[in-house]
Amino acid sequence: MEKGLYKKICSLKKEDNIWNLYDWDGKPLRNPSPNTSSPNAYFPKSLNQRYRNIRKTYGIDEDISCVWFLTGKKNGREEWIQVGRTKTLNNMLSSDIKEDIKAFFYGTGKYGELGKEYSELIFYEIDVIRYIEADKEAQGIFGKMPDDKNLKLAYLVNCAAYIEGKESFENNAVIYVPSTLDGYYHRYFKDRKRKGTGK
């Protein structure tokens, strides 16, 4: 898939055995507070603000469904770790990615374990509309995008699930777990490969 479809959101890098958080442009951000229960628990608002500022230049609507993915670097290789989708930009930045980064720094859950395997973690967003426009198979499945605002939002929810399912399968995202809609697409690509009918 065309590289311009992927927008870097932020990264976490291990330097001198210490993990640090950076924005999309590689500029440092303050690391989250290490204690979620603390009244002084902190997450850098500038991560959200800086990505929103650069994202405006891409002309992507904030209200449409978003697809994001996480890669990790180890031994000079970058591999896909997770793929997810959310209803809006706000949900992506202020819920999914924020909570994943907090879990990483707090050492909780599956994200808390990633620092043991990787030297750098990078979050990206996939431009849903441009992706579908570049994917002939998706165009055949979904047809033309409706003009009506509500139907367009519904159409793009389905498109986002398609992208999540396809990319998670094709890139073998290591901690991806299918949910209902994206799971159908994931299974479609998996079955097609098993049957030898894939492109």
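Modeller: Before we start, two strands are said to pair if DSSP finds at least two bridges between them. Please also keep in mind that this is a predicted model.

Colleague: Which residue takes a positive phi in the hairpin of strand 2 and strand 3?

Modeller: Strand 2 and strand 3 run antiparallel and are joined by 2 bridges, and at one of these positions leucine 21 has leucine 29 of strand 3 as its bridge partner. Between the two strands lie 4 residues, and the residue in this hairpin with a positive phi, near 80 degrees, is glycine 26.

Colleague: And which residue takes a positive phi in the hairpin of strand 1 and strand 2?

Modeller: Here the pairing is antiparallel over 6 bridges, with cysteine 10 standing opposite aspartate 23 in strand 2. The hairpin leaves 2 residues between the strands, and the positive phi, near 55 degrees, belongs to aspartate 16.

Colleague: In what order do the strands of the open sheet lie?

Modeller: Strand 1 pairs in the antiparallel sense with strand 2, and strand 1 also pairs antiparallel with strand 6, over 7 bridges. Strand 6 in turn pairs antiparallel with strand 4, again over 7 bridges, while strand 3 and strand 5 (77–86) are the edge strands, each pairing on one side only. Put together, the open sheet has 6 strands with antiparallel pairing, in the order 3-2-1-6-4-5.

Colleague: Which residue of strand 6 stands opposite leucine 12, and opposite glycine 72 as well?

Modeller: Strand 6 has strand 1 (residues 6–15) as one antiparallel partner and strand 4 (residues 66–74) as another, so that a single position can be read against both, since strands of a sheet pair through backbone hydrogen bonds. Opposite leucine 12 of the one and opposite glycine 72 of the other stands leucine 121.

Colleague: How many residues of strand 6 are buried?

Modeller: In a regular strand the side chains alternate between the two faces of the sheet. In strand 6, Glu120, Ile122, Tyr124 and Ile126 point one way, whereas Leu121, Phe123 and Glu125 point the other way, and residues of both sets are buried. For strand 6 (residues 120–126), which is mostly covered, the count of buried residues is therefore 7 of 7.

Colleague: With which side chain does that of tyrosine 124 make a polar contact?

Modeller: Tyrosine 124 lies in strand 6 and counts as buried because its relative accessibility is 16%, where the cut-off is under 20%. The polar contact, at 3.2 Å, is with the side chain of glutamate 78.

Colleague: How far does helix 1 reach from its first C-alpha to its last?

Modeller: Helix 1 (residues 45–56) has buried residues Leu47, Asn48, Tyr51, Arg52, Ile54 and Arg55, and these pack against several elements, among them strand 1, strand 4, strand 6 and helix 2 (89–106). With 12 residues and 1.5 Å a residue, the expected reach is 16 Å, and the reach in the model is close to this, at 17 Å.

Colleague: Is aspartate 182 buried or exposed?

Modeller: Aspartate 182 sits in helix 7 (residues 180–195), and, apart from residues up to four places away in sequence, it touches Arg85, Ala161, Glu164, Gly165 and Tyr176. Its side chain makes polar contacts with the side chains of arginine 85, at 2.9 Å, and tyrosine 176, at 2.4 Å. Because its relative accessibility is 0%, aspartate 182 counts as buried.

Colleague: What is the radius of gyration of the chain?

Modeller: The chain has 7 helices and 6 strands, and its C-alpha trace spans about 50 × 40 × 30 Å along the principal axes. Of the contacts between residues at least 6 apart in sequence, 62% join residues at least 24 apart, and buried residues make up 46% of the 199 residues. The globule rule gives 16 Å for 199 residues, so the chain is as compact as a globular protein of that length, with a radius of gyration of 17 Å.

Definitions and conventions: Residues are numbered from 1 along each chain as its sequence is written. This is a predicted model: local features need pLDDT of at least 70, side-chain atom pairs count only at pLDDT 80 or more; totals for chains, interfaces and linings use all residues. Side-chain values use heavy atoms; hydrogens and water are left out. Buried means under 20% relative accessible area, exposed over 50%, partly exposed in between (1.4 Å probe, protein chains only). The expected span of a helix is 1.5 Å times one less than its number of residues. Contact means heavy atoms within 4.5 Å. The radius of gyration is taken over C-alpha atoms; the globule rule is 2.2 Å times the number of residues to the power 0.38. A polar contact is a pair of N or O atoms within 3.5 Å; within protein, one must be able to donate a hydrogen and the other to accept it, and residues adjacent in sequence count only if both atoms are side-chain atoms.
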